[in-house]
Amino acid sequence: MMFLWPRETLVKVTQAAILLFFALAFAATRLLRAGDLDESGVAGGVGDGSGGAASAYPVVQGEVKFLTFEPWNGGWNNRRMSLEIALLLAMATNRTLVLPPVSRVALMTTPSGYEEFFDLPAMRDILPILTWDEFQPLIPRVRPSPNRAKTPITCAYKMPNPRTFCTTNLRVRQISRLNSWVFLKSVLTMPLDARLTLEQRKDLDQFGPNRVLVNDDMRDAASETIWHFPQNLFGHFYQLVYFTDPALRRSLFSKIRDATRIRSDIQAYADEVVKQLGGPNSFYSVHIRRRDFKQQYKSTFIEPRAMAANIKNQLGRVVYIASDEGNKEFWADLKAGLPDVSTFRFASSFESVFKNVPDTQKGVVEQLICAQAKVFIGTRFSTFSSYIVRLRGYDPAVLNKEVYFTDTKLEARHPIAEHAKPYSWVKNPLWSRAPWAREFPEAWEDLL
């Protein structure tokens with residue numbers, strides 16, 4: 001026998017179902033509001049300016065917006081640059097930054113993510129951060145942007161699980177506004193709506209000559225829930241933005257320094273090696289990159305005796321060397337040209353320390369070691385070398401922050417000073433063609 005609800009009861013059940021539907025819909029909407037995202041890993045106050053730097057333009061109070069990006073398809077230091085630019089833009093626009101998923105990195109044997117190197121809790125003290133795993137459940141709830149790409153989008157990534165990643169990443173690309181800036185050819189001014197004086201306009205022409213001003217594009221993106229950067233973040237963050245407000249620049253650059261602190265366990269490995277070398281500023285360090293640079297940057301690939309002649313006046317008795325060169329004859333010839341150097345030390349000299357370091361982190365440990373030397377000499381055009389220079393710039397204990405390279409004698413450097421400010425990447429003709437290839441003091445000077 002079929003059971004029939006009384007009419008009065010049926011009406012009440014129907015009304016309850018409708019109320020439940022609207023309640024669930026409201027709750028789903030609230031997932032994209034600041035208060036309900038806190039349990040997903042976002043630092044408190046998302047969208048209202050708390051926990052981050054002053055915004056470059058006004059934001060809608062209480063509304064959460066995201067900045068997502070795909071790292072530059074290169075080595076770890078290229079990808080670090082992508083993160084730094086993303087941090088700057090996320091803080092400047094008051095967006096929650098979404099870290100990309102674990103992926104394969106050039107010159108590394110296993111996939112890795114940013115969390116493997118940087119102190120994530122410290123980063124979240126600076127600005128709202130979501131890991132990729134925390135962000136994925138929110139993707140289906142985001143309304144597609146009216147400015148999303150109209151043409152088919154493909155995924156160029158090679159991931160440990162490419163099918164799953166590409167499906168999710170393509171969804172982000174398909175529903176978001178895609179940024180189309182050409183980095184190193186684009187320039188922003190901040191605050192975004194500040195009116196430039198005549199002198200500032202002239203200064204902007206020096207800061208970023210022959211670049212396209214992208215303020216309007218950034219302004220148009222302000223209303224987008226997701227602003228996505230598809231593998232186009234490359235270069236130094238401080239070469240992208242021209243600041244008319246020095247206080248805003250100082251605040252944002254200081255926060256980038258603090259948000260990109262290397263994890264303490266990685267730092268501890270480096271500190272142990274430095275201790276065995278005699279302590280900070282008691283040894284010298286050199287980074288010599290050879291293998292892939294033989295074809296990529298032939299000018300840096302010089303014979304060991306010529307290299308020794310270039311660097312001998314900057315070195316002392318104990319030298320730590322980070323290098324991919326495995327030819328023992330190279331090291332014998334280099335040592336022969338450096339009679340005042342008594343000891344070469346390599347990562348292999350500290351097996352008791354490096355045996356505990358994961359393969360993906362060994363390069364970073366060597367950077368941290370080299371950064372604590374009395375003098376550092378790097379390989380021109382290597383972003384591995386350039387980050388060591390930045391770390392030395394950030395460290396108040398490092399007194400000699402000069403930039404030296406293995407392919408050039410100190411006295412033969414270009415007559416325009418390496419630190420010719422402002423905008424020293426423009427003043428020297430070599431670096432104006434490749435401003436990403438070394439670090440400049442604008443990154444670390446005048447910070448909080």
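Here are a few friendly notes on a predicted model, taken one region at a time.

1. **A three-stranded sheet.** Start with the open sheet, where three strands line up in the order E6-E5-E8 with parallel pairing. Strand E6 (212-213) and strand E8 (241-243) are the edge strands; each has a single partner, so one side of each has no neighbour in the sheet.

2. **How E5 meets E6.** Strand E5 (residues 186-190) runs parallel to E6, and two bridges join them. To find the pairing by eye, look for Ser186, which stands opposite Val212 in E6.

3. **A helix over the sheet.** Helix H7 (residues 198-207) lies across E5 and E8. Its direction makes an angle of about 150° with E8.

4. **Two helices packed together.** How do H3 and H16 lie relative to each other? Helix H3 (residues 76-92) packs on helix H16 (residues 383-394) at about 50°, and their axes are 8 Å apart. The two helices are therefore oblique to each other. H3 contributes Trp76, Asn77, Asn78, Arg80, Met81 and Glu84 to the contact, while H16 contributes Thr383, Phe384, Tyr387 and Arg390.

5. **Asp292 and its surroundings.** Asp292 sits in the loop between strand E9 (284-288) and helix H11 (293-296). Its relative accessibility is 29%, so Asp292 counts as partly exposed. The side chain of Asp292 makes a polar contact with the side chain of Arg289 (2.6 Å). Asp324 is 32 residues from Asp292 in sequence, and their C-alpha atoms are 9.4 Å apart in space.

Conventions:
Residues numbered from 1 in each chain as written. Predicted model: local features only at pLDDT ≥ 70, side-chain atom pairs only at ≥ 80, totals over all residues. Heavy atoms only, no water. Helix = DSSP H or I, 4+ residues; strand = E, 2+ residues; numbered from the N terminus. Buried < 20%, exposed > 50% of the residue type's maximum accessible area, 1.4 Å probe, protein only. Polar contact = N/O pair within 3.5 Å; in protein donor to acceptor, adjacent residues only side chain to side chain. Pairing = 2+ DSSP bridges. Contact = heavy atoms within 4.5 Å. Axes fitted to C-alpha atoms, helices over the stretch in contact; angles between N-to-C directions. Parallel < 35°, antiparallel > 145°, perpendicular 65-115°, else oblique.
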